[in-house]
Amino acid sequence: IAFLHRILPGTAPGSYGIDVAKLAGIPEDITRRARRILTSLESGKEVTMRKRKKTAEDQTSMAQLGAGEITSRLRSVNLDELTPMAALNLLYELKKEASELI
C-alpha cells in the first residue's frame, strides 16, 4: 500500500462539506445558509442563530432525497433517443429505486 497523503497537525486550508451536502441532495436553502455561516466564521464575525418555529417541512426525509434523484434521472432522459427495450429497463430500475425508498 502506498499512502499518497499524510495527516499533519493543524487546520485544513478549506472544507468541502457544503459541496458534498449539495451532491447528496441537501436542499439549496440549507446549503446557501451554511455557506453564509461559513463565510461569517471565516471572517471572524459572530454567527447568530435564527429563532423560528420548526415545521414538518423543515425535516427532509431520505425518501424525499431519493425521489429527487429519480426525478433528475427522468428529466435527463432523452425520450426521442430511447429504444423501447432501454425504456423498459429504465422503468424497472426507477421502480426498484423507488421501492427501496419506502
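**Helices, salt bridges and a nonpolar patch**

Leu-88 counts as partly exposed, because its relative accessibility is 39% and the partly exposed class lies between buried (under 20% relative accessible area) and exposed (over 50%), as judged with a 1.4 Å probe and protein chains only. The residue sits in helix H4, which covers residues 84-101. Together with Met-85, Leu-91 and Tyr-92, Leu-88 makes a nonpolar surface patch of about 460 Å². Such patches consist of residues with over 30% relative accessible area and no salt bridge, with nonpolar side chains (Val, Leu, Ile, Met, Phe, Trp, Tyr) joined within 5 Å and like charges within 9 Å.

The structure is a predicted model, in which local features need pLDDT of at least 70 and side-chain atom pairs count only at pLDDT 80 or more, while totals for chains, interfaces and linings use all residues. Residues are numbered from 1 along each chain as its sequence is written, and side-chain values use heavy atoms, leaving out hydrogens and water.

Turning to the chain as a whole, 4 helices and 0 strands are found, in the order α-α-α-α from the N terminus. Helices here are DSSP runs of H or I with at least four residues, and strands are runs of E with at least two, numbered from the N terminus. Of the 102 residues in the chain, 8% are buried. The accessible surface is about 9500 Å², with 59% belonging to carbon and sulfur atoms; these areas come from the Shrake-Rupley method with a 1.4 Å probe. Among contacts with a separation of 6 or more, 39% are between residues 24 or more positions apart, a contact being heavy atoms within 4.5 Å.

Gly-44 follows H2 and has a positive phi, near 85 degrees. Within H2 (residues 28-42) lies Arg-33, which is buried yet has no salt bridge. The nearest side chain of opposite charge is that of Asp-29, 9.6 Å away, where Lys and Arg count as positive, Asp and Glu as negative, and His and the chain ends are not counted. Leaving aside residues up to four places away in sequence, Arg-33 touches Thr-48, Met-49 and Arg-50.

Elsewhere, charged side chains do pair up. A search of the whole structure finds 3 salt bridges, each defined as a side-chain nitrogen of Lys or Arg within 4 Å of a carboxyl oxygen of Asp or Glu. Asp-19 and Arg-35 form one of them, at 3.2 Å from N to O. Asp-19 belongs to helix H1 (residues 17-23) and Arg-35 to helix H2, so this pair ties together parts that are 16 residues apart in sequence. Asp-19 is partly exposed at 33% relative accessibility, as is Arg-35 at 36%.

Arg-73 takes part in a salt bridge with Glu-93, with the closest N and O atoms 2.8 Å apart. Since Glu-93 is in helix H4 and Arg-73 in helix H3 (residues 62-76), the pair ties together parts 20 residues apart in sequence. Arg-73 also forms a salt bridge with Glu-97, where the closest N and O atoms are 2.4 Å apart. This pair again links H4 and H3, with Glu-97 and Arg-73 24 residues apart. Through shared partners, Arg-73, Glu-93 and Glu-97 are joined into one network. Relative accessibility is 27% for Arg-73, 40% for Glu-93 and 29% for Glu-97.
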